[in-house]
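Let's take a friendly walk through a protein model together. Have a look at the sequence and the 3D view, and then we will go through some of the details.

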Amino acid sequence: MGHDMTTALVLDDVTLGYDGHPAVHHLTGRFAAGSLTAVCGPNGAGKSTLIKALVGALKPIGGRIDRGGLDTRAMGYLPQAAEIDRSFPIDVFDFVALGRVRRTGLFGRIGAQDRHAVAEAISAVGLEGFEARQIGALSGGQTQRMLFARLMLQDAGVILLDEPFAAVDERTTGDLVDLIARWHAQGRTILAVLHDYALVRAHFPQALLLARECVAWGPAREALSAECLAKARRMSEAFDHHAAACERAA
Amino acid sequence: MYDLLIAPFADFEFMRRALVGAFALAIAGAPLGMFLILRRMALSGDAMAHAILPGAAIGYLVAGGVSATAMMLGGLAAGVVVAVGAGVVARATLLREDASLAGLYLVSLALGVTLVSLRGSNIDLLHVLFGNVLALDDQTLLLLASIATITLLGLAVLFRPLVMETLDPSFTQVATGAGAVTQFAFLALLVLNLVAGFQALGTLMSVGLMMLPALAARLWTQKLDAAIGLAALIGVASAYAGLVASYALSLPSGPTIVLAAGVVYFLSLIFGRAGGALRQLPKRRHLEA
């Protein structure tokens, strides 16, 4: 499968895993440029693993990921909130400012222009007044807003979100979904790992349903049909921890 | 008052040397200790300090006595081996990094003591275990000052990547690609300072001026830069107070310096404004928002 201007990411028979145990098996397909896709599936389906591989944090065991020459550092990545050390002594402003790291560099000064951009991002996610707050003093929803502000500053053409709405209330989810819709309208390519199927059907045009391999990939309403979801459940329950080596042709 | 606080340093060169050496250790150790705490490596630093002993001991045997250069080179080599070794054991076996460090440092400590005892006197052994801050020669002093300078310059360059890597490692690796390099550079600076601490405070207490002031400072402020500055200040004050007390009361100087820092630590545990015990008591009044 080739790469052209209308395609942001291509997966060619990709198998991902840890210690040889595959978490995602033989996945093939493409994410169109400017598409907005929800990645769904039961726990352990390989959703986060797929995101990690797409940002280059995990090398595929087999197959190939084609990013069309895009540097992985230019991708926007929102890790699961649990991966952040919230006891670290840093305030909201400084945390969000780290999203500018590609402009300021690892050693460069944070100038007036940068400060302005940081303040703008903080206000865009509705956290004005919290700039000097320690990140450990934020609620779950506020933390997620802060992560979105940092992501916004990365100004990335391809954005990958790992469970952006885990442990977040309805109002915050609504605000953040609006932000995602705005990024989508700006022509950015977006993938988000999500568990709330109603939310996906309402706001995400595309969906990829995973259960260690692709169950369905296409328009969200079809990919998340009752039939496909039942199939995903069956496949994840049938998983064998002592599986023999996969003989499927690579 | 003069007799107690200033005379020892005015009258004796070895006291002045001890003061300068301990200051260098305290100032360079403060930021390192703070990052060790934030990275949840407070005990790993101590374990690695014990683990440099066999290297220093081999340097001691080769040089045929207590020699700063030989013991430093040996210590550096051992520190790198242990730091890398612990990482490899953690990755290649079931054991986690803290468990593998525990295994390595116990063996290292036993091996080091055995090696020194092969050829040396009990005095030499004491020197290696507890250091001798009152016997810093020109060469050692220069070494401590150089390591402190390298550490401060290195950390100034490394500060932002190190904060990012500690705070959010997966984001940092993806957004900058500098995660592993940062980790390695930090460990390199750490090993350098363990070797420096070893010269003055010995293998058993070389992290004393690194960890205790940083632990104390962490209890007073939520601002990282302020906490590091405060830690350096506490370290310097402890070094001075420890030397004065050891002179006046004829106590061993290295342990007295560490004890002085320990006193500040215990006071901070109780009174610290950003996490001391009194602060954690139920509050009568709280803010409105």
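Is Asp155(A) buried, exposed or partly exposed, going by the other C-beta atoms within 10 Å? Asp155(A) is partly exposed, with 17 other C-beta atoms within 10 Å. Here a residue is buried if 20 or more other C-beta atoms lie within 10 Å of its own, exposed if 12 or fewer, and partly exposed in between, with C-beta atoms placed from the backbone.

Before going on, note that this is a predicted model, in which local features need pLDDT of at least 70, side-chain atom pairs count only at pLDDT 80 or more, and totals for chains, interfaces and linings use all residues. Residues are numbered from 1 along each chain as its sequence is written, while chains are lettered from A and ligands numbered from 1 in the order in which they are written.

**Two loop residues in chain A**

Phi of Asp155(A) has a positive value in a residue other than glycine, and so does phi of Glu163(A). Asp155(A) sits in the loop between α5 (140-154) and β6 (158-161) of chain A; Glu163(A) is found in the loop between β6 and α6 (170-185) of chain A. Helices (H or I, at least four residues) and strands (E, at least two) are DSSP runs, numbered from the N terminus.

| Residue | Phi | Other C-beta atoms within 10 Å |
|---|---|---|
| Asp155(A) | near 50° | 17, partly exposed |
| Glu163(A) | near 50° | 21, buried |

**The sheet of chain A**

Six strands form an open sheet with mixed pairing, in the order β5-β6-β7-β3-β8-β9 (chain A). Two strands pair if DSSP finds at least two bridges between them. At the edges stand β5 (76-78) and β9 (214-219) of chain A, each with a single partner strand, so one side of each has no neighbour in the sheet. Strand β8 (residues 206-210) of chain A is joined to β9(A) by five bridges, and the two run antiparallel. Ala207(A) has Gly218(A) in β9(A) as its bridge partner.

**Two helices in chain B**

Helix α11 (residues 179-201) and helix α12 (residues 208-218) of chain B have axes that come within 9 Å and cross at roughly 105°. Axes are lines fitted to C-alpha atoms, for helices over the stretch in contact, and angles run from 0 to 180 degrees between N-to-C directions. That makes α11(B) roughly perpendicular to α12(B) (angles under 35 degrees count as roughly parallel, over 145 as roughly antiparallel, 65 to 115 as roughly perpendicular and the rest as oblique).
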